[in-house]
Amino acid sequence: MRWTLRPFPTLDRLRLRRAADRFAEHGWPVTPGAYLAGRRFTCDRAGCPTTGCHPADEHWERTASADRGRISRWWRRRPHAVLLATGHTFDALEVPASLGLRVLGATRLHAGLGSSQLRVRGPVAVTPTARWMFLVRPGDPLRPELEESLDVVRHGPGSWVPAPPTRLPEGPVRWMVAPHECRWRLPDSYAVQAMLVDALGAPRPALRALARQPSTLHNAA
């Protein structure tokens, strides 16, 4: 007899709630996202036309919270995606995987520089569609050099990013650098942006060398 493994919605819901609860424990505001049903997201809002990942609450900007009691109620019945509201505790710099690899490689090369590394080392989430999200201290706009790049997006006030272990149709969102690895510290935005600017000018051979370096993706929030 052949057995087919199926997802367990209750276990998924508990895992997502635990992740949201841990973010809240560290003061990171979260909001419940629509939940994945097959290959599309649904939010139970009548007439909602959005089938991609999106907030379940129409007024999510006002209701995003780090209140653990509220989080428990949100994840009581549905395996909601875990969305992190940006622009408050942190911003997110979203870049393509090729650029993310360059920056992470440069960060590792600076590992022996002591305190200077703390300015650029922080949590990095990766989506299954090869988008990297560097979480940084909030408030700083994009440098002019990055504003010209269509591949670089700053998520600030009024925006959000999906957080691990949220699952998208293509697969789960994962940590390339989990928050606990950097003790939940956030790097300086302009320091990370400076590395992005440098990486944009990095030659192709350097990128191929970084791509060959082993890395570990972390499922735990």
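These are my notebook entries on one predicted protein model and what I looked up in it.

**Ground rules**

I am working with a predicted model, where local features need pLDDT of at least 70, side-chain atom pairs count only at pLDDT 80 or more, and totals for chains, interfaces and linings use all residues. I number residues from 1 along each chain as its sequence is written, and my side-chain values use heavy atoms, with hydrogens and water left out.

**Overview**

I began with the secondary structure and found seven helices and twelve strands in the chain. Helices (H or I, at least four residues) and strands (E, at least two) are DSSP runs, numbered from the N terminus. Next I looked at burial: 44% of the 221 residues are buried. For me, buried means under 20% relative accessible area, exposed over 50%, and partly exposed in between (1.4 Å probe, protein chains only). The accessible surface of the chain is about 11900 Å², and carbon and sulfur atoms hold 51% of that. Those areas come from the Shrake-Rupley method with a 1.4 Å probe, and for residues only the protein chains shown count as cover. I also checked contacts (heavy atoms within 4.5 Å). Of those between residues at least 6 apart in sequence, 81% join residues at least 24 apart.

**Cores**

Which residues have the most contacts inside the largest nonpolar core? I found Phe 23, Trp 28, Val 30, Val 82, Leu 84 and Leu 135, in a core of 33 residues. Helix H1 (9-25), helix H3 (68-74), strand E4 (82-85) and strand E7 (131-136) each give two or more residues to this core. H1 gives the most, with five residues. A second, separate core has 21 residues, including Val 95, Met 176, Leu 196 and Ala 199. My definition of a nonpolar core is a set of buried Ala, Val, Leu, Ile, Met, Phe, Trp, Tyr and Cys residues joined through side-chain atoms within 4.5 Å.

I then listed the neighbours of Trp 28, leaving out residues up to four places away in sequence. Among them are Phe 23, Leu 84, Phe 90, Leu 135, Trp 175 and Trp 184.

**Aromatic pairs**

I pair rings of Phe, Tyr and Trp (its six-membered ring) if their centres lie within 6.5 Å; planes under 30 degrees apart count as stacked, over 60 as edge-to-face and the rest as tilted. By this rule I get seven aromatic pairs. Phe 23 and Trp 184 form an edge-to-face pair, at 6.3 Å centre to centre with 65° between the planes. Phe 23 lies in helix H1 and Trp 184 in the loop between strand E12 (174-177) and helix H6 (189-200), so this pair ties together parts 161 residues apart in sequence. Phe 23 counts as buried at 0% relative accessibility, and Trp 184 counts as buried at 13%.

Trp 28 and Trp 184 also make an edge-to-face pair, at 4.9 Å centre to centre and 65° between the planes. Trp 28 sits in the loop between H1 and strand E1 (30-32), 156 residues from Trp 184. Ring pairs link Phe 23, Trp 28, Phe 90, Trp 175 and Trp 184 into a cluster.

**His 80**

Is His 80 buried or exposed? At 10% relative accessibility, His 80 counts as buried, and I place this residue in the loop between H3 and E4. Its neighbours, not counting residues up to four places away in sequence, include Leu 16, Tyr 35, Ala 56 and Trp 74. His 80 and Ala 56 are 24 residues apart in sequence and 7.9 Å apart in space, C-alpha to C-alpha. The His 80 side chain reaches the backbone oxygen of Trp 74 at 3.5 Å.

**Cysteines**

I searched for disulfides (pairs of cysteine sulfur atoms within 2.5 Å) and found zero. Cys 182 is buried, with a relative accessible area of 8%.

**Backbone checks**

The peptide bond from Pro 164 to Pro 165 is cis, with omega near 5°. I find Pro 165 in the loop between strand E9 (160-162) and strand E10 (167-168). Asp 44 is not a glycine, yet has a positive phi of about 70°; Asp 44 lies in the loop between strand E3 (40-42) and helix H2 (60-63) and counts as partly exposed at 48% relative accessibility. Arg 183, also not a glycine, has a positive phi of about 60°. I find Arg 183 in the loop between E12 and H6, and at 64% relative accessibility Arg 183 counts as exposed.

Note on methods: Polar contact = N/O pair within 3.5 Å; in protein donor to acceptor, adjacent residues only side chain to side chain.
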